[in-house]
Structure formats: C-alpha cells, structure tokens
Amino acid sequence: MKPKIGILISGRGSNMAALMAAARAPDYPGEIVAVVANRPAAPGLAIAAAAGIATFGLDHKAHDSRDSFDQAMHEVLVSAGVEFIACAGFMRLMSDGFVNAWSGRLINIHPSLLPLFKGMDTHARALEAGMRVHGCTVHFVTPELDAGPIIAQAAVPVLPGDDAGALAARVLTAEHRLYPAALALVASGKAAIIGGRVRLEAATDEAQRLWSPDLG
Ligand code: GRF
C-alpha cells in the first residue's frame with residue numbers, strides 16, 4: 001500500500017496540481033487522499049475536487065486560536081489516513097504542537113534558495129539583493145519558520161530586465177518540477193534526517209543542472 005499524502009493550500013494550488021499530476025503515475029510512491037485549505041474559497045479546492053480527491057475547506061477565522069484551528073486540521077488529516085503532509089502555498093503559521101506531531105512527515109516548498117530570503121516577497125528581495133541565481137527549496141517543517149532541514153533545491157537564473165513577476169514565474173516552473181520529486185523522496189523513505197540535515201539515499205548529479213536531486 002502506498003503511503004497516503006495530504007496537501008495544505010491557501011490559494012490557487014498550482015503546486016498542488018503538479019503533485020496530483022505526478023502522483024497519477026503508477027510508480028509514484030504515494031497517493032494523494034486529501035486537500036485541506038484554510039480558506040474555503042481557495043481556488044485549488046475546486047481543482048482537487050474535480051480530480052476526485054477529498055477536499056476540506058476549514059475557515060481559520062471560525063477558530064479563536066491557532067491551536068484550535070490546527071487541531072481541527074489535524075483531525076481531518078488523521079481521519080483521512082494521511083501519513084505525509086505537503087504544504088503547497090499554505091500561507092499560515094502552524095503551531096509548535098501541530099509541527100511536532102507531524103515531525104519528519106511535514107514538508108513545505110519555499111520560493112527561494114534557503115536559508116536566503118525566508119518569509120515573504122522573496123522574488124523582490126532577491127532582485128533587490130542583486131542575485132544572479134535564485135530558486136526554490138523543499139524542506140521539512142520545524143517550529144522555526146522556513147528553517148527546517150533542506151530536502152531539495154532548484155536554481156534558476158536571474159535575467160536582465162526581470163521584475164518580481166517574471167522571476168516568480170520562472171521559479172514557479174522549477175517548483176512544479178522539484179516538488180513532486182522531493183515529495184517522492186520523502187514518501188519512499190529516501191530522505192532521512194540525520195544530525196539535523198537531510199541525507200538523500202538517491203545519487204544526484206546536481207553539478208550538471210543545478211537541481212538537487214537530479215530531475216533528469
Ligand atoms: C508558491 O510560490 C510557493 O512556493 C509559495 O506560495 C506559492 C504558492 O503557489 N509558498 P500555488 O498556490 O502552488 O500556485
């Protein structure tokens with residue numbers, strides 16, 4: 001039996017859609033069984049529902065504390081049989097209790113080459129810093145924001161004339177390739193946290209393409 005995966009979103013869900021598309025392959029090492037949004041109107045929920053995946057719109061505004069919302073989310077995920085969680089544009093801080101309950105099984109994609117540019121507005125900040133290379137990172141979630149062990153990264157060039165939108169679009173294309181590969185590493189047990197860092201079982205060829213793991 002493949003491990004069951006839940007996805008957390010807040011908005012359009014393009015990374016969620018990329019994960020769903022990848023997971024349709026018969027040899028993908030996980031099955032997406034639930035999509036949870038903290039905004040019931042999140043457009044990604046309709047995409048998931050149309051694909052036949054169970055969706056849950058849980059309005060965080062209906063809860064008077066972060067713990068209460070996170071507990072509701074936890075119960076939905078557990079009752080769906082979820083074993084791994086992928087945050088995909090989930091724009092809400094999670095309580096330490098939730099993060100610790102899912103330790104080693106909760107991952108996120110962030111649109112920068114961490115540890116650079118934690119937090120918001122990463123593309124504008126990369127341009128402001130004069131970066132020549134930018135990208136995205138998939139990491140395990142720990143209580144400290146955007147600071148968990150790094151699983152996979154992909155780099156893209158910063159080109160003359162880029163504005164934040166153009167750079168975001170280039171990074172997003174990389175996100176859509178990187179995230180399914182990184183989730184597969186985690187769901188298949190090939191990415192282990194050892195001494196606070198991730199050791200990949202699979203051989204990689206990152207020097208060739210500035211992707212780690214190698215996406216071919
Ligand atoms: C992505 O850039 C992701 O890295 C960031 O938020 C954006 C979500 O986009 N955390 P989408 O909802 O997956 O299209």
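The face of helix 2 that is turned away from its buried side carries the exposed residues Ala 46 and Ala 50, where buried means under 20% relative accessible area, exposed over 50%, and partly exposed in between (1.4 Å probe, protein chains only). Helices (H or I, at least four residues) and strands (E, at least two) are here DSSP runs, numbered from the N terminus. The model is a predicted one, in which local features need pLDDT of at least 70 and side-chain atom pairs count only at pLDDT 80 or more, whereas totals for chains, interfaces and linings use all residues. Residues are numbered from 1 along each chain as its sequence is written, and side-chain values use heavy atoms, with hydrogens and water left out.

Within helix 2, which spans residues 43-50, Gly 44, Leu 45 and Ala 48 are buried. These residues lie on the same side of helix 2 because they cover an arc of only 105 degrees around the axis, the arc being that of the directions from the helix axis to the C-beta atoms. The buried residues of helix 2 pack against strand 1 (4-9), helix 1 (14-23), strand 2 (31-37) and strand 3 (54-57), with contact taken as heavy atoms within 4.5 Å. Helix 2 is followed by Gly 52, for which phi is positive, near 85 degrees.

The chain is divided into domain 1 (1-102) and domain 2 (109-200), with bounds that come from an automatic or database domain assignment. The C-alpha centres of domain 1 and domain 2 lie 20 Å apart, and the contact takes 20 residues from domain 1 and 16 residues from domain 2. Between them the two domains bury about 1,500 Å², of which 73% is on carbon and sulfur atoms; buried area is the accessible area (1.4 Å probe) that two parts lose on being put together, summed over both. The count of salt bridges between domain 1 and domain 2 is 0, a salt bridge being a side-chain nitrogen of Lys or Arg within 4 Å of a carboxyl oxygen of Asp or Glu.

The largest nonpolar core has 43 residues, and those with the most contacts inside it are Ile 7, Ile 9, Ile 107 and Ile 151. Helix 6 (residues 164-187) gives the largest share of this core, 11 residues. Domain 1 and domain 2 both give residues to this core, so it lies between them. Apart from it lies another core, of 19 residues, among them Val 36, Leu 58, Leu 77 and Val 141. A nonpolar core is a set of buried Ala, Val, Leu, Ile, Met, Phe, Trp, Tyr and Cys residues joined through side-chain atoms within 4.5 Å.

A search of the whole structure finds 1 salt bridge. Asp 162 forms a salt bridge with Arg 170, with the closest N and O atoms 2.7 Å apart. Asp 162 counts as buried, at 16% relative accessibility, whereas Arg 170, at 22%, counts as partly exposed.

Several backbone features lie in loops. The peptide bond from Leu 114 to Pro 115 is cis, with omega near 10 degrees, and Pro 115 is found in the loop between strand 5 (106-110) and helix 5 (122-128). Asp 121, also placed in the loop between strand 5 and helix 5, has a phi near 55 degrees, a positive value in a residue other than glycine. Asp 121 is exposed, with a relative accessible area of 56%. For Asp 146, phi is likewise positive, near 55 degrees, and the residue is placed in the loop between strand 6 (133-140) and strand 7 (150-157). Asp 146, however, is buried, with a relative accessible area of 9%.
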